[in-house]
Amino acid sequence: MNKITFTNLCMALYCLFTTNMFAQDGYTYTLINNGSYSFSIAAVPNASSSNFATSVQSYGFTIIVPDGVTATITSSLGNAAGATFFDGNNVAQPTIDGYLITETLGSPSSLPAPSSGTITPIVTIQINGSPTSGILEVLANDSALATAVTPLKSFMQADMVDDGSAAFTNVVDPNASGLSGTPTFDFSTLSVDETQLENLSIYPNPTSDIVNIQSSGTSIQKIEIYNMNGQLVLSEKNNLEKIHVNQLESGMYMMRLYTENASKTIKLLRQ
């Protein structure tokens, strides 16, 4: 990840935010806890009857972490997201640090039609150092910090209008929070059960038929598998030592394993 002065950050990224048009059929961002200090920032469509798939050209948002805590991008919509670090001391907030995460896609990427209500992970990050206090959050567009430093505001340049042309406009409201669901996480709430999830694994991976679950004494209550569009394609609550995936098409999936109080998400490749 890059580390530059905060002034240069603002100057370099200001042009990304010159278009502030907000469409009624738009998006907000939310935070998903995958367990084991892995989190996804996901796009949530506003309630809509539109059956036209959204075409995303670029996006960006800011995550705030406790002072001294670092984060690493592990995956993104176009697999090329970048993060620019800034020191909270430079914005008169010494208890925090932050990352502006952005990606411009080489070719537009499609999200499910808003009418499906599908929540789509856009970027997944790993929090380093296992912090036990402080807050992780997606910065709200109407927060004092985002209002003072416009380039830190969330945006998504996308085409949501089925008119035969490709017109990309900002579909995240720059004047409201731009957030929904639970966009924050308190590290002090981490449970013993979540720590135990660090020893949970699946094998073989890649696989063509059966996935074995190794839980090291942790009781798995439910397993869900999502495709890369965020759609649930398989859910199991019984016989969770072995999961048959031969009915799934070849490709990458996200397998979410649930205990009573926590969850963990692992990438699964079906050959």
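Of the 271 residues in this chain, 51% count as buried, where buried means under 20% relative accessible area, exposed means over 50%, and partly exposed lies in between (1.4 Å probe, protein chains only). Keep in mind that this is a predicted model: local features need pLDDT of at least 70, side-chain atom pairs count only at pLDDT 80 or more, and totals for chains, interfaces and linings use all residues. Residues are numbered from 1 along each chain as its sequence is written, and side-chain values use heavy atoms, with hydrogens and water left out.

Let's start with the overall build. The chain has 3 helices and 19 strands; helices (H or I, at least four residues) and strands (E, at least two) are DSSP runs, numbered from the N terminus. Of the contacts (heavy atoms within 4.5 Å) with a separation of 6 or more, 70% are between residues 24 or more positions apart.

Now look at how some strands line up. Two strands pair if DSSP finds at least two bridges between them. Strand β7 (residues 96-111) pairs with strand β4 (residues 54-66) in the antiparallel sense, over 12 bridges. To find a spot in this pairing, look for serine 55, which sits opposite serine 110 in β7. Strand β6 (residues 82-87) also runs antiparallel to β7, joined to it by 6 bridges. Here, phenylalanine 86 has glycine 98 of β7 as its bridge partner.

What about the inside? In soluble globular proteins, nonpolar side chains tend to be buried together. A nonpolar core is a set of buried Ala, Val, Leu, Ile, Met, Phe, Trp, Tyr and Cys residues joined through side-chain atoms within 4.5 Å. The largest one here has 37 residues, and among those with the most contacts inside it are Tyr29, Tyr59, Phe61 and Met156. The top contributor is β4, with 5 residues. A second, separate core has 17 residues, including Leu200, Val211, Ile225 and Leu234.

Finally, a word on charge. Side chains of opposite charge can pair when their charged atoms come close. The structure holds 1 salt bridge, meaning a side-chain nitrogen of Lys or Arg within 4 Å of a carboxyl oxygen of Asp or Glu. Which side chains meet in the salt bridge? They are those of glutamate 224 and lysine 222, at 3.3 Å from N to O. Glutamate 224 counts as buried because its relative accessibility is 9%, while lysine 222, at 23%, counts as partly exposed.
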